[in-house]
Structure formats: structure tokens, C-alpha cells
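Work through the exercises below with the model open beside you. Try each task before you read its solution.

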Amino acid sequence: MSASRSSGTTDAIGPDEDPGREPPGAVPGSRLLAALLDGMDAALCAFDAHGAITHWNREAERILGWSAAEAVGRTGFAGWAVRSADAGDVQGRLMAAMEAPGRQVHEFALLRKDGGRVLVRTQSSGVRGEDGKPAGVYCAFSEVHAQIDLERSIALSEALFEDVSWGVVLVDVDLRPTVVNSYAARALGGGRTALLGRPLGELVVQGVEDLEGALQHVLAEGAPSAPTELWVTLRTADGDRRRCWRSGFLRLASPLAEEPVPLGVGWLFRDVTAAKLAEQEADRVRFRSNQLHRAARQAAECEDPVEAATSSLDYALAGFADHVVVDLLAGERLVRAAATPADAPGPCLPVSGGAIPARYGAGHPALQAVERTGSVRASARTGTGEAWAVERQWPRDSVHALCAVLRSRGRTLGVVTFLRAANRSAFERPDAMYAESVAVRVASAIDLAHLTTGFGHHARPATPDPPGRSGPSGS
């Protein structure tokens, strides 16, 4: 209990209260006041109008080492809690608050009971009696480094929720955003206030399970030791967008509770989509370059140029497509010369029994590739995959096609068609460039097979293209 002594001032009471009688069952006023003072996080002392100390709580005792019994009743800090040379200035500035409006903030070097010095920051304010006249001063103080730490924490919190270069989101224990900074609002596609309280599933189309799972893990087990990369798909006014967020998580607990009580999770993230896509593209280019190198070395060991052509296609299929079909020109028609199995994964092999005429209808992508002397990409419309593939004489599970023309010695020999199932994305321009690199090697081997083994004797090379026919590949 903090001690207090009467100094001519009294506690204010209501007009209907009897100052001499406590309500039944109530805690006596002096003990209630002492308990409140001792429960404060800040050190507090009070002076009467003459400068005598009237109140001294436990936090003041902790900081300076002087107990309430030793402090209450002393006049000012002179001779015990401050150096003699500083006593007059300290006392004068403290007591000046009795006449000044508002709070006065000062920093003083006080003395601990063990002789050490401690720099404190004080906030003092005058106290008036029932007659409205100055009756004393109360002074709350704390160690300067503790105050600075608090101010830094507040400043950090405010800075994080300004327009910084990463997203900051606070979510409650129900995984709903409670605070969102500007970066996060832009990334999530909404305003800072419009996003508050909304389930994350309303903002994230795909990947919300992974995000919520990470948040729940942090609430239960604590923050992970390293950042986590989460791929999500967002619904926006311009359509769905796939993004990669490098995320860090912090479990928030109340500093006021005796045991840690989770308040939610602090989620910090940066959009690293561009970097991840560039990294993936670099990995893809490196892998494909390695496959071309391996295919070239394998083809060089093949005595049969047809085997060299089909082995090159086997290497090209890895990670690129599900099926491949080779159609060679026979006059004005295309004939099926080699293919992978239609119903299961397997190597590319020459068609059993010889080349089979391909009854392709007008506008078939393979015919377009021959006509353009370049690459053609095509995809089935949603819900028409199997019928689309059957109509074009491709395996039934095909929904994406890429036709690359086979050219050698200035002649068009045929078309190689790469096919993907529905679990893969559509072919893009970089895929066409890779397919063309493969087609160059395959065409050279097939041309050699025409000259040496008679491969595809039904498929005779067309006459050389007229000047100006050949050109850059299209899409």
C-alpha cells in the first residue's frame, strides 16, 4: 500500500455523500485510492501547496528505491532524491505546474537510494482545492529510456500503417482484417476501410485455404522461423489475377494480461510476383536448353535418322506437352508419320504400317501452319474439349495445341504438333519459340531420313517455296 498523509486537502465527494460514512460494503476511500495508485504502470508522487510529498506509489519506489514511508512527508527532493546543486531548479519547475495551465513535461536526473542516477521524464499538473485555489501538484514520471521505447513502438506502429513498400494487415482471432495499410489495400483490391471485418475468402478466390492455414498456425503455435511464399488468385474488376506474396507473420498478445492472450496476427507481405515469374522463366529456359543439348547428343549417336527425330521429340515432351504428332507433306496433303500413344504416356514412334493420310478439314491448325510457314496455337473453348480434339484427329484429352512447321533446305516437310491436356495452361509465345527450336532439329533428321532410308516414302518433300514465301513464324 502506498502511504499518504493529510496536508490540508480533502478528496472531492458528491453533494449527497456523507464524508464521514462509507457506503455499506464499500472499500474505504483511502485504501481504494492507495490500491489505484499502486496499480499504476507509471511512477506517481504528489506535493501539497508547500512542496511536501503527500503520495508515493510502488512504481516510484521501484525506480528510485525509496519506500513510501521514507518519501511521504519530505519537502521536495533536496538532500535525498536529487543533487543539492539541482534541487532548487527541480523543485521550482515542479511547483510551477501548480499555477500553469495543462501539463508540464520535464526531464530530470534524480538520485536512487543506492546513489545511482536515473534520468526521468515527468509530466506534472496542478491540483486545485474545493475553493478553486491551487492546492498542490501531482507528478507522473518514468525512466527516459522506457518512455523512449514506448514512443518508438508507437512511432513504428504508425509508420507501418502509412504508405510503406510492403503490406501490413492485422487480423483478429476470427481471421478478419481489423487494420490494413495502403499497400495491402491496393494488393487486396479495396479501400482501407472497405476491407475491414470481411472474410478473407471474399477477397481471395484461390489460395485462401493456405493463407488461413498459415494464420491459424501462428495463432496456435507462434510465428514461423522464415518468410512464406503464398500463391493466391484475386478477384478484381479486370478479372482474376494470380499473385505471389512473400509473407511474414507475428502473433499478437496483450501486454496487459498475466498470461499471453492472443489478440490476432500481424501479417506483413510483399508482392514478389514479377520476381517469381522471372525466376520460373529462367528455370524453364535453363531446363529446355538442357533438354535440347541432351537431345542433340542423343541424336548424334543414332544411326537411324528417324530414331534421331523421334528421340528429339521425346526429350522435348518432358515438362512441355502430353502428346506429340508428326504429319508430313505428301503433295498437297498431310499424312500421319509418327505420334505418341493416344491413351497413355509413351515415346514418340513411327506410325505402325506406314504413314496414314490425315483427313484434316479446312482451317485445321496443322494446315494453317503449312500455309503460314510458321507456328499456330489453338485451344478448345470451355466444355468442348473432347469433341474439339476428336474433330481434329488428336487424342481425346487434348485441349491446347501448338503446331510448328518442319523446314529443311528451304522446303516445308510437314508439321509437328504438341498437345496439352486440361490440367496444363495454354501454349504461349515462349512455348512457340521452343517448339520451333525442336522442329528445326526434327526437320533436319527427317530430311536426312528421306535421303537415306526412304522414311515416309509416301510423304515427298514439297517443291522449294517461291521467293518471299518463307518468313518469320506466326502465332
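**Before you start**

This is a predicted model: local features need pLDDT of at least 70, side-chain atom pairs count only at pLDDT 80 or more, and totals for chains, interfaces and linings use all residues. Residues are numbered from 1 along each chain as its sequence is written, and side-chain values use heavy atoms, with hydrogens and water left out.

**Exercise 1. Judge the confidence of the model.**

Step 1. Recall the scale: pLDDT is the predictor's confidence in each residue, from 0 to 100.
Step 2. Take the average. It is 83 for the protein. A score of at least 70 is reached by 86% of the residues.
Step 3. Check residues 457-463. Here the pLDDT is below 50 too, with 16 contacts in the model beyond near neighbours in sequence.

**Exercise 2. Trace the sheet of five strands.**

Step 1. Helices (H or I, at least four residues) and strands (E, at least two) are DSSP runs, numbered from the N terminus. Two strands pair if DSSP finds at least two bridges between them.
Step 2. Read the order. The sheet is open and runs S2-S1-S5-S4-S3, with antiparallel pairing.
Step 3. Find the edges. They are S2 (53-56) and S3 (104-111), each pairing on one side only.
Step 4. From one strand to the next it averages 30°. Such angles run from 0 to 180 degrees between N-to-C directions, and axes are lines fitted to C-alpha atoms, for helices over the stretch in contact.
Step 5. Place the helix. H4 (residues 84-96) packs on this sheet and touches S1, S3, S4 (117-128) and S5 (134-143). The direction of H4 makes about 150° with that of S3.
Step 6. Zoom in on S1 (residues 43-48) and S2. Three bridges pair them. Ala-46 has His-55 as its bridge partner, and Cys-45 stands opposite Trp-56.
Step 7. Look at the turn. S1 and S2 form a hairpin with four residues between them. Gly-51 in that turn has a positive phi of about 90°.

**Exercise 3. Which strands stand at the edges of the sheet of six strands?**

Step 1. Write down the order: S7-S6-S11-S10-S9-S8, open and antiparallel.
Step 2. Pick the edges. S7 (177-180) and S8 (204-206) each have a single partner strand, so one side of each is left without a neighbour in the sheet.
Step 3. Note the twist, which averages 40° from one strand to the next.
Step 4. Follow the pairs. S6 (residues 167-171) meets S7 over three bridges, with Val-169 opposite Val-180. S9 (residues 228-236) and S10 (residues 239-253) share nine bridges and form a hairpin with two residues between them. Nine bridges also join S10 to S11 (residues 262-271), where Gly-248 faces Leu-268.

**Exercise 4. Describe how H8 and H12 meet.**

Step 1. Take the geometry. The axes of H8 (residues 273-300) and H12 (residues 429-452) come within 11 Å and cross at roughly 5°.
Step 2. Classify it. Angles under 35 degrees count as roughly parallel, over 145 as roughly antiparallel, 65 to 115 as roughly perpendicular and the rest as oblique. H8 and H12 are therefore roughly parallel to each other.
Step 3. Name the residues. From H8 come Glu-281, Arg-288, Gln-291 and Leu-292. H12 brings several, including Tyr-434, Val-438 and Arg-441.

**Exercise 5. Are Leu-175, Gln-393 and Asn-290 buried or partly exposed?**

Step 1. Set the limits: buried means under 20% relative accessible area, exposed over 50%, partly exposed in between (1.4 Å probe, protein chains only).
Step 2. Leu-175 sits in the loop between S6 and S7. At 7%, Leu-175 is buried. Its phi is positive, near 65°.
Step 3. Gln-393 lies in the loop between H11 (385-391) and S17 (398-408). At 28%, Gln-393 is partly exposed. Its phi is near 60°.
Step 4. Compare with the general rule: most residues other than glycine have a negative phi.
Step 5. Asn-290 belongs to H8. At 38%, Asn-290 is partly exposed.

Methods. Contact means heavy atoms within 4.5 Å.
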